Amino acid sequence: MGGLLIVALFAIYVWIAIVAIRRAKGARFKTLVTIAVVLIPTADAIYGRIRLGHLCSAEGGLRVFGSAVNVAGIYFSTGPDDRWIKEYGFKFAESRTVENRGVNRLTRQGDGLIVLEKNVEPISAYRLRFVPGDLAEAYMRSTYVVESVDGKSVLGQLVNINYAGGWVERAVGGLYGGRGSAGTCLSNVEVDALRCELVQKTLKHSRTEKPR
């Protein structure tokens, strides 16, 4: 149904544009009307993409403000992931359960075995927190922050900005009950890689053995 409505609206706009161009007096006015017809649905989209590039340069990407040393483990708001132990050398990794009722902890034992402990008291001094963007904003900023668990010390952040597009693109997305994407600073692959880099650059630990 949404697709048919889009086609109908497009057809109406084209009909209005043709009528306006035909009724314009003289070549100069016909040219001006033609330019206006093209720019009305596209001008803000073009400007928006240019602005996205500036925002990405000014606000997007990885920013490191400081680092902490002798960090044994970390808390993740994004869920449990044992690669922080296996690949990056942390002794433990904590996260809140899906039910949001307690904290689980993955810990590397002396023999290298990784053990899951459920509903534990968190002991992490630092965390990686994800701050989702506002879907209502044309330029939606999603942020990963490495900070102390009390939130008083921010060591670094990773910002990705998603542009929903011009008014026509946003209107089309609204018809389907979702948010479109006309561009982002970083791809999902880049975000994942930079998120790992963010943790590595801000949280230092002494590795007594190579991860297995």
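**Group meeting: a predicted single-chain model**

Ile 12 has a relative accessible area of 48% and is therefore partly exposed; buried means under 20%, exposed over 50%, and partly exposed in between, with a 1.4 Å probe and protein chains only. Ile 12 belongs to helix H1, residues 2-23. Helices (H or I, at least four residues) and strands (E, at least two) are DSSP runs, numbered from the N terminus. Together with Trp 15 and Ile 16, Ile 12 makes a nonpolar surface patch of about 350 Å². Patches are made of residues with over 30% relative accessible area and no salt bridge; like charges are joined within 9 Å, and nonpolar side chains (Val, Leu, Ile, Met, Phe, Trp, Tyr) within 5 Å. Accessible areas come from the Shrake-Rupley method with a 1.4 Å probe, and for residues only the protein chains shown count as cover.

A word on the basis of these values. This is a predicted model, in which local features need pLDDT of at least 70 and side-chain atom pairs count only at pLDDT 80 or more, while totals for chains, interfaces and linings use all residues. Residues are numbered from 1 along each chain as its sequence is written, and side-chain values use heavy atoms, with hydrogens and water left out.

As to confidence, pLDDT is the predictor's confidence in each residue, from 0 to 100. The chain average is 82, and 82% of the residues score at least 70. Over residues 208-212 pLDDT stays under 50, and the model has 10 contacts for that stretch beyond four places in sequence; contact means heavy atoms within 4.5 Å.

I turn to helix H5. Val 199 is placed in this helix, which covers residues 188-202, and is buried because its relative accessible area is 0%. Beyond four places in sequence, Val 199 is in contact with Ile 74, Trp 84, Phe 90, Leu 128 and Val 146. Thr 202, also in H5, is buried at 0% relative accessibility. With residues up to four places away not counted, Thr 202 touches several residues, including Val 64, Val 146 and Leu 155.

Which residues does the disulfide join? Cys 56 is joined to Cys 185, with an S to S distance of 1.9 Å; a disulfide is a pair of cysteine sulfur atoms within 2.5 Å. Cys 56 lies in helix H2 (residues 26-58) and Cys 185 in the loop between strand S9 (183-184) and H5, so the pair ties together parts 129 residues apart in sequence. The link of Cys 56 and Cys 185 is left-handed, with -90° about the S-S bond. A search of the whole structure finds 1 disulfide.

The search also finds 9 salt bridges, each a side-chain nitrogen of Lys or Arg within 4 Å of a carboxyl oxygen of Asp or Glu. In one of them, the side chains of Arg 141 and Glu 59 meet at 2.8 Å, N to O. This pair links distant parts of the chain, with Arg 141 in strand S7 (residues 139-148) and Glu 59 in the loop between H2 and strand S1 (61-64), 82 residues apart.

Within H5, Asp 192 and Arg 195 form a salt bridge at 2.8 Å, N to O; the two residues are 3 apart, about one turn of the helix. Asp 192 is partly exposed at 29%, whereas Arg 195 is buried at 13%. Arg 83, Asp 192 and Arg 195 are linked in a network of salt bridges.
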